[in-house]
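Let's take a friendly walk through a protein structure. Keep the 3D view open as you read.

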Amino acid sequence: MTYTTLISTLELDDHLDDPDWVIIDCRHQLKDTEYGRRAYAQAHIARAIFTDLKNDLSGPIIPGQTGRHPLPTVESEVQKFSAWGIDPKTQVVAYDDVGGALAAARLWWLLRWLGHDRVAVLDGGWTKWQAEGRRTRSGTEDRSTRVFTPHVRSEFLLTADDVLRSIGEPDFRLLDTRSADRFRGENEIIDPIAGHIPGAISAPYSQNLDRGSVFKSKEELRAHYASLLGDVSAERSAIYCGSGVTAAHTVLAIMHAGLGDAKLYAGSWSEWITDPDRPIRIGHEKD
């Protein structure tokens with residue numbers, strides 16, 4: 001069986017010793033970039049390797065041009081995925097300790113962007129795995145290399161210009177996955193300019209989760225996003241957040257709900273505001 005969105009702790013435990021499965025620890029904290037590596041060394045899911053959001057899943061920041069977590073190059077990810085032992089028959093499972101939002105869903109999206117569908121996020125992540133007393137290890141681990149061959153899906157991405165051209169189009173939906181107060185510009189705690197992209201709908205990624213770390217049911221997610229998208233297909237929607245990381249969590253939720261492939265505006269708010277000519281809005285859209 002192939003897992004392409006979510007996988008349960010029980011399902012992963014059943015395959016923990018499968019050599020064609022790669023488990024990747026993606027734990028990260030924005031305010032403490034070394035947290036994930038320390039936490040992994042202390043304890044991680046048995047056989048898991050570690051990946052770092054900044055150094056492994058993001059490209060270099062160009063001040064005044066990119067957001068806080070720009071996409072890495074295809075070439076750099078091919079090298080990393082090969083080094084992690086990923087080839088076409090590999091099932092990848094990514095996890096973190098915040099319900100998949102930092103940065104397990106980012107890794108899920110990157111692999112799918114480069115044509116690898118056999119990837120899933122561990123539902124409940126490290127929190128649930130540890131609470132259930134499942135197998136863990138300390139120290140570091142690695143895998144034998146394999147050959148990762150990319151098949152880039154450029155249609156998964158929207159640029160800032162794409163978003164700008166789509167503002168106001170009736171058959172387009174733009175979802176902002178940051179907290180509602182950041183969307184309204186009331187409590188911008190990270191980026192230098194507050195507000196949101198005009199026409200966007202506030203849809204905090206936290207609404208994807210039940211009890212903090214486990215995804216809501218497919219039925220709940222489907223009802224939630226069907227109400228936000230209306231008669232617009234997922235393929236005509238774009239998702240953004242502060243830097244393109246937690247937005248992938250909502251792309252995952254929409255796909256898991258069976259609604260299709262929403263597009264990612266990877267640069268997100270932190271890229272949008274680098275150009276003073278791009279419009280911004282404060283408050284509610286109806287204000």
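## A helix and its cover

What covers the buried residues of α2? The cover includes the strands β2 (21-25), β3 (44-45) and β4 (49-50). Bear in mind, as you look for them, that this is a predicted model.

Helix α2 spans residues 35-42, and its buried residues are Tyr35, Gly36, Ala39 and Tyr40. Looking down the axis of α2, you would find these buried residues within an arc of 125 degrees, so they line one face of the helix.

How can empty space be found? Rolling a probe the size of a water molecule over the atoms shows where it is left.

The largest pocket holds about 470 Å³ of space. It is lined by 23 residues, and Leu30, Arg182, Ile190, Tyr205 and Thr246 are the closest to its centre. By class, this lining has 10 nonpolar, nine polar and four charged residues.

The second largest pocket has a volume of about 210 Å³. Its lining includes His28, Leu30, Lys54, Arg68 and Ile190. Here the classes are four nonpolar, six polar and two charged residues.

## A residue tucked away

Now find Thr250 in helix α10, which covers residues 247-256. Is Thr250 buried or exposed? Its relative accessible area is 0%, so Thr250 is buried. Leaving out residues up to four places away in sequence, Thr250 touches Thr177, Tyr205, Asn208, Tyr225 and Ile239.

How values were computed: Residues are numbered from 1 along each chain as its sequence is written. This is a predicted model: local features need pLDDT of at least 70, side-chain atom pairs count only at pLDDT 80 or more; totals for chains, interfaces and linings use all residues. Side-chain values use heavy atoms; hydrogens and water are left out. On a 1 Å grid over the protein atoms alone, a cavity is a set of points where a 1.4 Å probe fits but cannot get out, and a pocket is an open set with protein on both sides within 12 Å along at least five of seven lines; lining residues have an atom within 4 Å of a point. Grid points are joined across faces, edges and corners, and a volume is the space filled by probe spheres set on the points. Ala, Val, Leu, Ile, Met, Phe, Trp, Tyr, Cys and Pro count as nonpolar, Asp, Glu, Lys and Arg as charged, and the others, Gly among them, as polar. Buried means under 20% relative accessible area, exposed over 50%, partly exposed in between (1.4 Å probe, protein chains only). Helices (H or I, at least four residues) and strands (E, at least two) are DSSP runs, numbered from the N terminus. The arc is that of the directions from the helix axis to the C-beta atoms. Contact means heavy atoms within 4.5 Å.
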